[in-house]
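I opened my notebook to look up a few features of one structure and to write down how each term is defined.

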Amino acid sequence: MKLTFRWFGENDAVPIKYIAQIPGIYGVVTALYGIPAGEIWPLDAISKLKGAAESHGLAAEVIESVPVHEDIKLGLPSRDRYIKNYIETLKNLGAAGFKCVCYNFMPVFDWVRTDLKLKNADGSTSLAYREEEIRKLDKNSLSLPGWDESYTKEELSGLLESYNAVTPRKLFENLVYFLEALMPALEETGINMAIHPDDPPWEIFGLPRIISAEDGLDKLFAAVPSKHNGLAFCTGSLGAKRANDLPRLAKKYAEAGRIHFAHLRNIAYDGDLSFRETAHNSASGSLDMFVIVSALVRGGFSGYVRPDHGRNIFGEEGKPGYGLYDRALGAAYLNGLFEAAEKMVANS
Ligand code: DNO
């Protein structure tokens, strides 16, 4: 596997020179920030970003994310203009040497949590999701941690309303339309698209969700068979739904060559549709990370991996989930799991 670490660019509170000191690190996963969704990412800015990583000895081959404009998800006539721009961005990313683009097709919200700083017994803080709190919220006047700055309340409620007409089937068709339009550019550049699963993997606020489980993924790969159409296997997202059998899915989609990127983190179930993010190791949460990693390796996976959200520990403030310390501990743990699994598979 290729161990990567998410880096939010020059404004990240985590300096890239520290990321370069993580044992076994291969590269960063990054993006251009501040460009509105739907606009073209200029080649010179992309090359500068890549150069910044490379000057620290880090590869920059994965983008997380190029956001998909809402008009594409809604299937509005204006989508073609935004898709054209997306294609130009892909061509620029390809020209700069990027190989994988992580994206999502979740309406309006990307991830949703009810708490960004839930206090754990050991004094660390975690992101958490409580379904009962979500159900209490008024859809017309939403205030969610992490999202409040993105839209005004009016914009948000207008956007939510525009999804009333979008059934899951329609959303799926819009995703297929988008991917098919990208395909010539993906073939030309060699870039692999890695869709991020819905987080959490169930319907919220009545919005359609289509990439939450095996049925949606199977449907997507059947509809767009090209291997450029792949998955970001996110254990924390898919794993929040207890019915998702992660080891089986990891092996199945790795064998099928569909996993282009893996987000590996642990969560603890706190009730039926509620969870809290934990340290990466199996004993700290509900997911057996060793079994999942072994399944990936057995399926032949050798692609990009990153530790995902960590807790905030050692007094570190900053972006919830994306501090240096707990993610670096997670990286060290993942190195161990992969080394063990790879040697076991090689000797079996
Ligand atoms: C959260 C991330 C997601 C992810 C997007 C990909 O921390 O895993 O925001 O980057 O869903 O488009």
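The entries below cover a helix pair, a sheet and the surroundings of a ligand.

I noted at the start that this is a predicted model, in which local features need pLDDT of at least 70, side-chain atom pairs count only at pLDDT 80 or more, and totals for chains, interfaces and linings use all residues. Residues are numbered from 1 along each chain as its sequence is written.

**Helix pair.** I looked up helix H11 (residues 289–298) and helix H12 (residues 325–347), and found that they pack at an angle of about 50° with their axes 9 Å apart. Helices (H or I, at least four residues) and strands (E, at least two) are DSSP runs, numbered from the N terminus. Axes are lines fitted to C-alpha atoms, for helices over the stretch in contact, and angles run from 0 to 180 degrees between N-to-C directions. The residues in contact (C-beta atoms, placed from the backbone, within 7 Å) include Phe-290 and Val-293 of H11 and Phe-338 and Ala-341 of H12.

**Sheet.** I then found 4 strands in an open sheet, ordered E5-E6-E11-E10, with antiparallel pairing; strands pair if DSSP finds at least two bridges between them. The edge strands, each pairing on one side only, are E5 (115–119) and E10 (267–269). The twist from one strand to the next averages 35°. Between E10 and E11 (residues 275–277) I noted 3 bridges, and Ile-267 has Glu-277 of E11 as its bridge partner.

**Ligand.** Which residues are around the ligand? Among them I listed Glu-64, Cys-102, Asp-110, His-196, His-263 and His-309, where the cut-off is a C-beta atom, placed from the backbone, within 6 Å.

Definitions and conventions. Two residues are in contact if their C-beta atoms, placed from the backbone, lie within 7 Å.
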